[in-house]
Amino acid sequence: MTGIFPKDFSILMTIRPKAGIQSFLLSIYNKQGVQQLGVEVGRSPVFLYEDQHGKPTPEDYPLFRTLNLADGKWHRVAIAVHKKKVTISVDCKQKITKSLKRSDAATIDTDGITVFGTRILDEEVFEFIIKSSVWGCGGLQGAAGLGTAGVRPGK
């Protein structure tokens with residue numbers, strides 16, 4: 001299926017990662033096998049984003065070192081990309097915004113594959129429970145419009 005991922009978008013999920021884990025929940029690859037989008041959750045979440053021009057470089061990927069999602073508890077997580085910023089919100093309390101050094105006309109190619117729970121060739125797999133997951137267009141406004149009202153994490 002040919003397509004382009006939305007420029008501004010939101011990913012909302014209710015997850016309970018295994019305690020102590022650091023692994024990819026989501027990976028999107030182009031047809032050349034380049035990982036263009038990734039969400040690594042765990043003790044120090046990482047948002048991997050690489051547009052058609054290779055921007056940002058790996059040393060500029062947004063890191064969220066002050067967050068720990070790998071505590072064995074349920075978390076409501078929203079990741080919103082809007083223009084050149086990425087915001088992560090955890091449990092509707094903690095909100096951190098980082099710079100996303102992508103190109104002005106950045107695109108993510110969806111001609112490749114999408115993998116949940118790992119990356120291609122990784123031995124580490126993400127052991128998790130997803131209660132809900134919602135994807136939407138529109139960055140911060142999209143995240144606000146989609147919300148997680150009515151989602152009740154299990155025990």
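Visitor: Let's start with Lys-84: how exposed is this residue?

Guide: The general idea is to look at relative accessible area: under 20% is buried, over 50% is exposed, and in between is partly exposed, using a 1.4 Å probe and protein chains only. Lys-84 has 35%, so it is partly exposed. Keep in mind that this is a predicted model, where local features need pLDDT of at least 70, side-chain atom pairs count only at pLDDT 80 or more, and totals for chains, interfaces and linings use all residues. Residues are numbered from 1 along each chain as its sequence is written, and side-chain values use heavy atoms, with hydrogens and water left out.

Visitor: Which residue forms a salt bridge with Lys-84?

Guide: First, the rule: a salt bridge is a side-chain nitrogen of Lys or Arg within 4 Å of a carboxyl oxygen of Asp or Glu. Here the partner is Asp-104, and the closest N and O atoms are 2.8 Å apart. Lys-84 sits in the loop between S6 and strand S7 (85-90), Asp-104 in the loop between S8 and S9, so to speak 20 residues apart and in distant parts of the chain. Strands are DSSP runs of E with at least two residues, numbered from the N terminus. Asp-104, at 61% relative accessibility, counts as exposed.

Visitor: How many salt bridges does the rule give?

Guide: It gives three. Another one joins Arg-102 and Asp-8, at 3.0 Å from N to O. This pair also links distant parts of the chain, 94 residues apart: Arg-102 is in the loop between strand S8 (94-99) and strand S9 (108-109), and Asp-8 is in the loop between strand S1 (4-5) and strand S2 (9-15).

Visitor: Is Arg-102 buried or exposed?

Guide: Buried, because its relative accessibility is 2%.

Visitor: What about the salt bridge of Asp-60?

Guide: Asp-60 pairs with Lys-101, at 3.8 Å from N to O. Asp-60 lies in the loop between strand S5 (46-49) and strand S6 (75-82), and Lys-101 in the loop between S8 and S9, so this pair ties together parts 41 residues apart in sequence. Asp-60 is partly exposed at 29%, and Lys-101 is partly exposed too, at 47%.

Visitor: And which residues does Gly-38 touch?

Guide: For touching, look for heavy atoms within 4.5 Å. Leaving out residues up to four places away in sequence, Gly-38 touches Phe-24, Leu-26, Ser-27, Val-46, Phe-47 and Leu-48. Gly-38 lies in strand S4 (residues 35-42) and is buried, with 0% relative accessibility.

Conventions. Helix = DSSP H or I, 4+ residues; strand = E, 2+ residues; numbered from the N terminus.
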